Structures are given as C-alpha cells and as structure tokens.
Amino acid sequence: MPPDAIGSAFWTDAFGRSAPLVVEVGFGNGAALAELAKTHPDWNCVGVDVYRPGFGALMLACDRDGIDNVRIADTEARCFLHRLEPGCLHRLLVFFPDPWPKKRHHRRRLVDADFATVAAQRLEVDGAFALATDWPPYAEQMQAVLDAEPDLQGGPAARAMRPVTPFEVKGLAGGRPVVDLEYRRIPTGIAPRRR
Ligand SMILES: C[S@@+](CC[C@H](N)C(=O)[O-])C[C@H]1O[C@@H](n2cnc3c(N)ncnc32)[C@H](O)[C@@H]1O
C-alpha cells in the first residue's frame with residue numbers, strides 16, 4: 001500500500017461509523033449520489049470530483065433532504081482509487097464520464113485499462129461497478145477493458161438506479177442511446193464467463 005493509503009479507520013472517522021463504502025467518480029452536480037445516499041442510509045457514500053461548482057449543488061441537496069451519509073473527495077479520481085485499500089468498495093459508480101470524442105483525446109478518457117484494474121482491485125468480492133455513457137464508442141472501450149479484467153464479470157445491464165442527469169438529457173436529445181454496464185468482482189483465480 002502507498003504511504004498515503006486511505007484505510008478503513010479513515011472512513012470510520014469521516015462518517016462516524018463503519019458501513020459499506022460506495023464511491024461515485026465524477027458526480028457532477030451530485031443528483032445521482034444524493035438519490036443513492038437517500039435511498040441507502042445504511043451506506044457510506046463518497047463523491048469524487050474536481051468540479052467545485054458541483055460540490056455546492058450536492059451539499060445543498062443533502063442539506064435539503066437531511067442526507068448525512070455523503071462525503072466529498074475533492075481530488076483526481078484515478079489517484080484517489082489507487083490510495084484506497086484493496087477490497088474496500090461495496091459499489092463503484094461512473095455515470096457519463098467525459099467522452100473525449102476526438103481520437104487524439106481518447107487517452108484522456110477516465111475508463112481505460114489502468115482504471116479497470118484499480119477498480120477491480122478496490123471492489124470487495126461481489127461488489128458492483130456500474131457505468132453509463134451515451135457515447136457508443138466509449139461504451140465499447142469500457143466493455144473491452146472491463147472484459148479483459150480477470151477479476152470482473154459482467155457486461156451490458158439494465159439501467160442502474162440513477163436519476164436522469166443533464167448529461168443524459170443532452171445525449172438523448174442528440175439521439176444517442178444510453179448504455180449501462182455492470183460488472184461484479186469475482187473471487188481471484190476464478191475465470192469469468194465471457195458473454
Ligand atoms: C460529463 S460530467 C458527468 C457528471 C455526472 N456523472 C452526470 O451524469 O451528470 C463528468 C464529470 O467527471 C468529472 N471528472 C472528469 N475527470 C475526472 C477525474 N479525473 N477525476 C475526478 N473527476 C473527474 C468532471 O469534473 C465532471 O463533473
């Protein structure tokens with residue numbers, strides 16, 4: 001583990017309790033995270049983003065709805081995941097990450113092979129990794145890198161429990177279908193069944 005690793009004691013301290021840890025990466029205005037936290041008061045929910053104006057929207061929603069099981073990590077998502085203890089996540093969510101459509105920008109996409117590996121390592125066994133995108137080529141990239149992870153099993157899935165966000169509205173208005181994916185962490189050493 002890195003010297004700046006974030007262990008379970010940190011979360012127990014941050015939330016004042018020990019509970020299943022759920023992380024949404026790139027929460028934007030926080031609508032999905034607020035909804036998730038409200039419907040799962042027994043989960044410790046962490047939003048990771050670098051877009052500060054969105055923090056206020058999420059904090060206001062929590063304040064308005066009396067949600068006290070959300071914390072915000074104002075940091076870059078990939079570094080954040082690398083600092084977490086292996087097997088600590090109950091769920092990991094990435095909804096509508098920036099698609100970076102131009103070929104020369106593809107390397108900026110968040111969900112790549114390295115991200116898939118660190119995500120798989122941070123999930124507990126049977127923990128879920130849910131993703132959504134309205135950009136079909138990015139959905140294909142996500143599926144390729146996640147299918148290649150030996151500790152993950154999954155693929156296209158029913159819509160995750162999430163409200164319609166402005167980014168989803170934009171995609172639908174542009175005629176782009178939304179693709180939901182869900183992968184689960186399987187015990188190490190058990191080969192996944194390919195679809
Ligand atoms: C297209 S928006 C989607 C927001 C939200 N999930 C939704 O569906 O409305 C992508 C979000 O990811 C955040 N983001 C992009 N790259 C990031 C990174 N490397 N680390 C943390 N947040 C990131 C952006 O700041 C932005 O809020």
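This is a predicted model: local features need pLDDT of at least 70, side-chain atom pairs count only at pLDDT 80 or more; totals for chains, interfaces and linings use all residues.
Residues are numbered from 1 along each chain as its sequence is written, and side-chain values use heavy atoms, with hydrogens and water left out.

Helices (H or I, at least four residues) and strands (E, at least two) are DSSP runs, numbered from the N terminus, and two strands pair if DSSP finds at least two bridges between them. Strand E2, residues 44-49, pairs with strand E3, residues 70-74, in the parallel sense, over five bridges.

Now to the whole sheet, which is open and has seven strands in the order E3-E2-E1-E4-E5-E7-E6, with mixed pairing. Its edge strands are E3 and E6 (152-156), each of which pairs on one side only.

Further along, strand E5 (residues 123-133) runs antiparallel to strand E7 (residues 179-185), and six bridges join them; here the partner of Phe129 in E7 is Tyr183. Helix H3 packs on the sheet and touches E2 and E3 (contact means heavy atoms within 4.5 Å), and its direction makes about 170° with that of E3, where axes are lines fitted to C-alpha atoms, for helices over the stretch in contact, and angles run from 0 to 180 degrees between N-to-C directions.
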